[in-house]
Every structure is written in structure tokens, then in C-alpha cells.
Amino acid sequence: MNPLLYTDGYKVDHRRQYPEGTTLVYSNWTPRKSRIEGVDEVVFFGLQYFIKKYMIEDFNTNFFNQPKAEICKRYTRRINNYLGPNQVGISHIEALHDLGYLPMVIKALPEGAQVPIRVPMVTMYNTKAEFFWLTNYFETLLSTTLWMPCNSATIAKQYRKILDAYANETSSIPEFVDWQGHDFSMRGMAGLEAAMLSAAGHLLSFTGTDTIPTIDFLETYYNANSDTELVGGSVAATEHSVMCMGTNSGEEETFKRLITEVYSHGIVSIVSDTWDLWKVLTEYLPNLKNEVLARDGKVVIRPDSGDPVDIICGNKHGTTSEEKKGVIELLWDIFGGTTNAKGYKELDSHIGAIYGDSITLERATQICERLKEKGFASTNVVLGIGSFTYQYNTRDTFGFAMKATYGEVNGEGREIYKDPITDDGTKKSAKGLITIEKRDGSYQLKDQVSWEEEQRGALKEVFRDGQLVIDEDLKHIRQRIKS
């Protein structure tokens, strides 16, 4: 498909709507508002994929390297069928094809950087006067590609902050947090690309993922190498079909076969609430205690339904002692463990727990806090972070938008801006050319600057005239997000 059709329908004729003599359009892409309480900085991530995949791969393969006559024929058919016979024309499409590359500059902050709300992350403008129309033509494609990885990377960072804080306070193994947030989201995302983009954002802060394709994604677009670095990983795990096939009456035997035969060593996660979680914890596991402790590895118990906080930590209003204690305390009763130097209990290394249903930032905090109140280290449980976290967001979660703030008409610069009188200030844009400066460790916007000032600052060229200028790797982006 011609990538010039990867846009909103109203974009295709804006070329003729700009003033006569327009030669340059300069725009920026900015998170304008946070709808997550307490989050006032957004992690920037995904631009390198956007450039490599769409501006280079797709345009070279599906536009520049295709016969011009065929490109124009198909473009004309699509636009005329869509808008009806009109004067959009194809001369500008022919001219771009003849040029052989995208005459654009993209400048950006470093990926993995945490950017305050209302500070632009990206600027974009044309390098050849006749292609001024390209700048905002890319708004739709850039927006639909970037908002999700930025959202997910930002939310993953919030999980990391929570889990780090509690691990530093209660655990002897704070490094385990790398694995404590585990991506379970793939099946609930809006297609494969969304799943990979979101999971890649998650992996900036964690190493646990069940989204296998995102590892290839990061190798292809972010220079990762799973042979020499830990990009993402997981463990052997069951699902309900496995447990059901073993039958209700044979569930204990299924547990035993899994931990002594199929996985006689290493980590194995076993879904444990297919029928009766409390029976697993009070009958099967006590019966299999010796087998569990004899293994060279860990058996991980996975509840998968109910209120995550109460299931893991116990519900003081529960009707049974099991419900009141919760999974971690019940595992402690069976297998014991140690009390660390900070005064908190850590389960024996042969046993653990993971919960991966409907986890949220609030519930993660509650789980860690309740465990702490009961005298348990937060790292006794892994949290499966799924689409309940990563899919329940939109472009408006952080108010992302790409807006033009400067243009040139007949050689004269025009500072332009948007500031609707009926808005609450969210949609007010910067004005004119911009630069981003880093002061006291935080990025700050300065607008209405000269071209000389625009060339300085934290925004660096990452793309110019069809070529990628900066090619970052996952390792350095991960280091940046942790700084």
C-alpha cells in the first residue's frame, strides 16, 4: 500500500489550502495533559521504530521503488473513489517520487527520556520548499504510532518506581524487581503492532514479558541482541486447559507430575485456581512439600481470579482462615523461609507466587503495602501486568498532539499558534520556532526563538532527507530511563 495513504482523509488536500507561496511548515509533537494522577512526566519512546519502519522501509519499498505510473494510477483511483472527482491532483506525488527521498528533518529528545507535560518531544519540518505539505501530512501516522509506546513506557516506569520503593524498604533482593513486573498484555492489545510497541515500552523498565514478538522488534529496530544481552524472558507456565485436562479429581497428581517429571528443575508457574485455590494451598502443596523443596528451582503458584489484593495478601473480612491469610501467608505456613536484615519475611527460594489478572498501579501499591503491613517483603510476589493496564489508555491519556507553530510564506517567517477560547488551556500550543533546554535535570520549552537558537538545545536531528542520523540501542535507552 502506498504509504502516502497512511493518513486521515482530510490531509490529502491541505497542500492547496495553505496560503499561496507557502514554502515551510514546522510542527512539534507534545504531551499536553496528564490524566494519570501524580504523573507529570512522560517517557519518550518509539520514534526510531516509526522512522525505520515507515519513513524508510515503507517509503522505499512501497513508494520510491515502485513504478511512478503505477503509484500515480493507484493514488488517483483511491482519492477519486474516496473524495469524488476533485482537484487534489498527482503532480506533487510525481514530484516526490522523482525526488527519491523524503525531504524532511525530524529532531527529537533522546528516547527513554522523561519529558514534562507541555514540553515537545519531536519537531518536524520540510527541507525543500515545494514539499511544505509533507510536514503535517505525517501527523496522523506519527501520532497513531507513537502515543502507545510512550504511554506504556511511562506506565511501566510508574510500576518500576512503586516496586523499587517497596523492594528497597522490605527486600534483600531489590534486583528482583527486574522480573517482578511481567508483561501479560499481548492477547488483549489492539493487534500485533500495538502489542509489540506496548511490550517494548514495558521492557525499558523490566525484563519479564510473555510477548515474544517484541524481542524481535527490539532487535530489528533498536539494535538489541538477545545473544549478548537479556532483552526479555519468561518461564515455563501452565494454563487452565492443561489443568482441566488433568481433571478436577486428578489436580494434585497434575501438580506432582509437573514438578517432578515435566519440570524436575528450574522455574515452573502453575495456574492454581482452575477449581479451588484454597484446596491447592491447604491440601496439595502440604502433600507435595518434600517434592517442592527437593527441586533445584522454584514452583510459582498463580491465582488468576478474585480481588488481587485480597487473594495475595488476605482479606480480614474473609469467611475462612484461608481467605483471611491470603496466598503469601499460606505459602509461608507450609514452606517457611527467612527473615531478612530489614525485618521482613521472604519465602523459601523453592516457592513463589504470581498474580496476573486486572493489576493496576493502585493495586500494585496496595499489594506491596499490605504485604509490608503483614511483615512480608514485597518481592514475594510477581505481578503480571496485562492489557487491563496497557490497553485502557488512549492518545488523550497524555493529550498527545502534533501542531504547526511556524511557517514561511514568500520567504517571510510566520509565528503561528493555537489557543481556542473555549478550551481549558490544554490545546494551547507553543508559538513559533522552539528549543528545548535542560535545566536542573528537567527539560524546559522556550518558544518564539530564532533559527540560530532552534539549532541549539536538547532536540537533536534524528532524520534528514531520507536518512536516519541517530541509531540508538536498547541498552542505552534502558540506562537513560533509569537515570
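Me: Which residue just after H16 takes a positive phi?
Reply: The model is predicted, and the angle is computed from it. Just after H16 the phi is positive, at about 90 degrees, and the residue that takes it is Gly375.

Me: What span does helix H16 reach from its first C-alpha to its last?
Reply: Helix H16 covers residues 361-373, which gives 13 residues. At 1.5 Å a residue, 18 Å is expected. The span in the model is close to that, at 18 Å.

Me: Why do the buried residues of H16 line one face of the helix?
Reply: The buried residues of H16 are Ala364, Ile367, Cys368 and Leu371. An α-helix has 3.6 residues a turn, so residues three or four places apart point the same way. Seen down the axis of H16, the buried residues line one face because they fall within an arc of 90 degrees.

Me: Which residues are exposed on the other side of H16?
Reply: The buried residues of H16 are covered by elements including helix H6 (139-170), helix H14 (308-313), helix H15 (321-335) and strand S14 (381-385). On the other side of H16, the exposed residues are Glu362 and Glu373.

Me: Which strands stand at the edges of the open sheet?
Reply: The sheet has 7 strands with antiparallel pairing, in the order S16-S15-S1-S5-S3-S19-S20. An edge strand here has a single partner, so one side of it is left without a neighbour in the sheet. The strands in that position are S16 (412-415) and S20 (467-468).

Me: In S15, what is the bridge partner of Tyr26?
Reply: Strand S1 (residues 22-31) runs antiparallel to strand S15 (residues 400-409), and 9 bridges join them. In S15, the partner of Tyr26 is Tyr406.

Me: Are Tyr49 and Tyr54 edge-to-face or stacked?
Reply: Tyr49 is buried at 5% relative accessibility, and Tyr54 is buried at 10%. Their ring centres are 6.1 Å apart, with 80 degrees between the planes. Planes over 60 degrees apart count as edge-to-face, so the Tyr49 and Tyr54 pair is edge-to-face.

Me: At what angle are the planes of Phe217 and Tyr222?
Reply: Phe217 is buried, with 4% relative accessible area, and Tyr222 is buried at 0%. Both belong to a cluster linked by ring pairs, which also includes Tyr6, Phe45 and Tyr221. The centres of the Phe217 and Tyr222 rings are 6.3 Å apart, and the pair is tilted because the planes are at 35 degrees.

Terms used
Residues are numbered from 1 along each chain as its sequence is written. This is a predicted model: local features need pLDDT of at least 70, side-chain atom pairs count only at pLDDT 80 or more; totals for chains, interfaces and linings use all residues. Side-chain values use heavy atoms; hydrogens and water are left out. Two strands pair if DSSP finds at least two bridges between them. Helices (H or I, at least four residues) and strands (E, at least two) are DSSP runs, numbered from the N terminus. The expected span of a helix is 1.5 Å times one less than its number of residues. Buried means under 20% relative accessible area, exposed over 50%, partly exposed in between (1.4 Å probe, protein chains only). The arc is that of the directions from the helix axis to the C-beta atoms. Contact means heavy atoms within 4.5 Å. Rings of Phe, Tyr and Trp (its six-membered ring) pair if their centres lie within 6.5 Å; planes under 30 degrees apart count as stacked, over 60 as edge-to-face and the rest as tilted.
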